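Hello,

Please find the structure below. My notes on it follow.

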Amino acid sequence: MSIPKIKTLGELKKSGYQPKSVKDEIRKNLICKLQKQESTFNGIIGYEETVIPDVERALLSRHNILFLGLRGQAKTRMARQMIELLDEYVPVIEGSEINDDPLNPISRHAKDILAEHGDATPIQWIHRTERYGEKLATPDVSVADLIGDIDPIKAANLRLNFADERVIHYGIIPRSNRGIFVINEIPDLQARIQVALFNILEEGDVQIRGFKLRMPLDILFVFTANPEDYTNRGSIVTPLKDRIESQILTHYPKTIETALTITEQEADILHEQKSKVQMSDLLKRLIEQISFEARASELVDKKSGVSARLSISAFENAISSAERRLLINKENSTQVWISDMIGLIPSITGKIELVYEGEQEGPYQVAMNLLDKAIRTQFIQYFPNPETLKKKRNQQAAEENPYRSISSWFDKGNSLNLLFHTRDEDKIQQLYKVDGLHALVKKYFKQANEKEAALLMEFVLHGLAAFSMISKKILESRIEFKDLMGSMLGNTTSYGEEEFDNDDFN
């Protein structure tokens with residue numbers, strides 16, 4: 001849509017234009033979307049039956065909103081998408097700092113222009129993207145930042161004394177007049193700043209130094225907060241919290257499928273990477289499972305939460321790990337292997353806050369522990385549960401054990417070393433050395449092609465190690481699989497290599 005051609009107040013009046021408040025404008029456009037059964041918040045996944053209906057009800061009620069939830073729950077993203085519910089263009093008096101409505105100006109500057117020019121008052125049209133303001137609350141945010149202050153330079157240039165309203169330099173909130181204003185992490189604001197916000201919400205007063213201006217600002221306020229903030233860093237003052245009409249609780253994805261969709265939508269993967277590196281559904285589910293395990297872990301601070309950005313970063317790192325190996329080996333294409341998931345550790349350690357016990361374990365070992373738990377959880381979705389087999393002691397159960405030939409191969413003293421940077425062909429050949437491994441995969445996945453079968457074979461080894469049926473040691477350059485008893489008796493490594501025994505993580 002092009003900018004309307006109306007350029008003066010007189011032309012605007014003749015057009016029959018009727019101004020609406022921001023909340024009425026959003027309500028009207030939301031009603032149209034709902035009647036047409038159009039999506040109101042595109043790209044917001046997992047909130048269709050929970051958060052989005054609450055937000056729609058709040059907007060229909062013309063409420064200011066507080067999103068309350070842990071980090072990485074799309075609070076700010078939902079607030080930004082509310083821009084799409086605004087009219088595409090609205091008229092303002094040309095040169096107005098606070099987007100004065102030509103038919104209802106509130107600033108001294110706009111009123112003076114209107115008095116001077118009358119119906120010839122020039123107007124301009126602003127796009128909805130220009131009607132959005134956002135501020136991250138930090139302890140150093142001042143009233144001047146948000147509301148405004150006296151500008152001595154403006155006073156000198158206009159030759160005005162400090163008692164004149166025109167010397168005021170408006171802050172970000174008045175400049176967001178007739179739009180949406182978002183304050184992220186509201187509890188971090190000092191109490192006196194929150195009281196100033198309450199005054200705007202309740203009374204419409206903009207108090208700057210000695211001035212007390214009656215400026216009925218037309219703003220939809222959206223606040224975000226983390227429940228942790230109420231106890232650790234600050235709180236929302238009671239009068240302000242009471243004035244925010246709708247408090248909406250957000251949440252993390254409730255299912256792996258929802259989390260998968262979010263990650264694939266948000267991950268920034270280059271076309272070049274997509275064309276050379278393939279990632280199976282198995283690997284995608286393992287990555288998502290890591291986040292689920294972290295949120296349930298006793299070593300991770302639940303008050304801080306585990307952002308969806310963990311899965312997104314891990315997804316990107318998994319692709320890059322495989323790409324790096326591809327470049328080193330000068331291959332044309334590859335797939336992400338289970339062993340590539342060692343490259344996800346930096347994505348995990350940087351996204352979790354540990355409790356005291358977790359700090360004692362160390363972030364690296366906690367990350368390895370989460371990876372190991374993710375493998376355990378997902379393994380039984382693909383293959384029989386080894387724990388169930390362990391509980392059966394009779395001879396018939398032992399004979400029915402599908403992993404018997406694999407564990408027997410390792411019990412004979414055999415071992416398997418999978419180098420992190422080995423070529424795909426070499427890795428496949430190594431996996432075929434393990435007796436019964438390929439037969440097991442083919443028994444449960446008859447349609448798998450060679451590379452899919454090889455990935456599942458590697459998955460079986462990691463799964464059996466996670467269930468303590470064989471031993472897994474992660475060294476600097478390789479992963480070593482051996483029999484469990486032999487590993488316990490001969491626990492040595494080469495000089496200069498750091499070892500992590502799988503048993504440490506169970």
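**Aromatic rings and one serine**

F445 is partly exposed, because its relative accessibility is 24% (buried means under 20% relative accessible area, exposed over 50%, partly exposed in between, with a 1.4 Å probe and protein chains only). This is a predicted model: local features need pLDDT of at least 70, side-chain atom pairs count only at pLDDT 80 or more, and totals for chains, interfaces and linings use all residues. Residues are numbered from 1 along each chain as its sequence is written, and side-chain values use heavy atoms, with hydrogens and water left out.

Now the ring pairs. There are 12 aromatic pairs in the structure. Rings of Phe, Tyr and Trp (its six-membered ring) pair if their centres lie within 6.5 Å; planes under 30 degrees apart count as stacked, over 60 as edge-to-face and the rest as tilted. Y382 and F445 are tilted, because their planes meet at 35°, with ring centres 6.1 Å apart. Y382 also pairs edge-to-face with F459, at 5.7 Å between centres and 85° between planes. That pair links distant parts of the chain: Y382 is in helix α18 and F459 in helix α24, 77 residues apart. Helices (H or I, at least four residues) are DSSP runs, numbered from the N terminus. Y382 and F459 are both buried.

Ring pairs build a cluster that includes Y382, F445, F459 and F467. Over the ring of F467 sits the charged end of R376, 4.4 Å from the centre (CZ of Arg must be within 6 Å of the ring centre and within 35 degrees of the ring normal).

Last, the serine. S321 belongs to helix α15, residues 309–329. S321 is buried, because its relative accessible area is 19%.

Best wishes

Conventions: Helix = DSSP H or I, 4+ residues; strand = E, 2+ residues; numbered from the N terminus.
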